[in-house]
Amino acid sequence: MNALLKQTLAGLRVLLVFTVLLGVVYPLGVWAISRIPGLEGNAEGSIITQDGQAVGSSLIGVDPVAADPAKDPWFHNRPSAGSKDVLGPGDPSSSGASNKGPYNEDLVSAIGERKKLIAAREGVQESRVPADAVTASSSGMDPAISVAYADLQIPRVARNTGLPEEKVRQLVAENTSGAGIGVPGVNVLKVNLAVRDAAGGAH
């Protein structure tokens, strides 16, 4: 009986110690590290705010929808595999790849349709549409696009916002980084906010 009691008490002590370590000390330690300047933004979801209001996350790409498609003032993200339309917008509450291979007829057809739609929207030949503009990422919510895709959209954005092309090109450069794998990318949310501010918030 004494042996059983000793084992029970030993087990309770171990449970108490690990409860304090893993249920209190560890979570508090992680929280404290997340408060270190430079890490706090990442810990909170990399939220972008304007005038005290959250406008999105720099890590989640949500394709903007123009009020008038004929006068579209926005830069656009990569398409989402989960969207109903071939160009989106996607649903940020869920993400996932299509799992379709390069020879899948539906995928090939979707890429062809995207290429035609983007070429028409930007007023260029289909051969100028870059690959990331017509292929969806595995998440469908990439926050950045290639510099080539951003460059393709600059004339339209400038025309529909009234900003000089050189100004829009400057805003694109200011929101281009090598984050991730080191390949230069343009954060779509950030550049759209910069364009909106430069155009006087009219769009």
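Me: How many of the 203 residues of the protein, as a percentage, count as buried?
Reply: Of the 203 residues, 30% count as buried, where buried means under 20% relative accessible area, exposed means over 50%, and partly exposed is in between, with a 1.4 Å probe and protein chains only. This is a predicted model, in which local features need pLDDT of at least 70 and side-chain atom pairs count only at pLDDT 80 or more, while totals for chains, interfaces and linings use all residues. Residues are numbered from 1 along each chain as its sequence is written, and side-chain values use heavy atoms, with hydrogens and water left out.

Me: OK, and what's the order of elements from the N terminus on?
Reply: The elements run α-α-β-β-α-α-β-α-α-β-β-α, which gives 7 helices and 5 strands; helices (H or I, at least four residues) and strands (E, at least two) are DSSP runs numbered from the N terminus.

Me: What share of the contacts with a separation of 6 or more comes from residues 24 or more positions apart?
Reply: Such residues account for 59% of those contacts, a contact being heavy atoms within 4.5 Å.

Me: Switching to His-76, where is it found, and is it buried or exposed?
Reply: His-76 is found in the loop between β2 (53-57) and α3, and it counts as buried because its relative accessible area is 6%.

Me: Which side chain does His-76 have a polar contact with?
Reply: The side chains of His-76 and Asp-63 are joined by a polar contact of 3.2 Å, meaning a pair of N or O atoms within 3.5 Å; within protein, one must be able to donate a hydrogen and the other to accept it, and residues adjacent in sequence count only if both atoms are side-chain atoms. Leaving aside neighbours within four places in sequence, His-76 is in contact with residues including Arg-121, Tyr-149 and Val-188.

Me: How many cavities of 30 Å³ or more does a search of the whole structure find?
Reply: The search finds 2, a cavity being a set of points, on a 1 Å grid over the protein atoms alone, where a 1.4 Å probe fits but cannot get out.

Me: Now helix α7, which of its residues are buried?
Reply: In helix α7 (residues 188-198), the buried residues are Val-188, Val-191, Asn-192, Leu-193, Ala-194 and Val-195. At the start of α7, a side-chain oxygen of Asn-187 reaches to within 3.3 Å of the backbone nitrogen of Leu-189, and just after the helix Gly-200 takes a positive phi of about 90 degrees.

Me: Last one, what is Ile-111 in contact with, leaving aside neighbours within four places in sequence?
Reply: Ile-111, found in helix α3 (residues 105-122), is in contact with Val-134 and Thr-135. Ile-111 counts as partly exposed because its relative accessible area is 23%.

Technical notes: On a 1 Å grid over the protein atoms alone, a cavity is a set of points where a 1.4 Å probe fits but cannot get out, and a pocket is an open set with protein on both sides within 12 Å along at least five of seven lines; lining residues have an atom within 4 Å of a point. Grid points are joined across faces, edges and corners, and a volume is the space filled by probe spheres set on the points.
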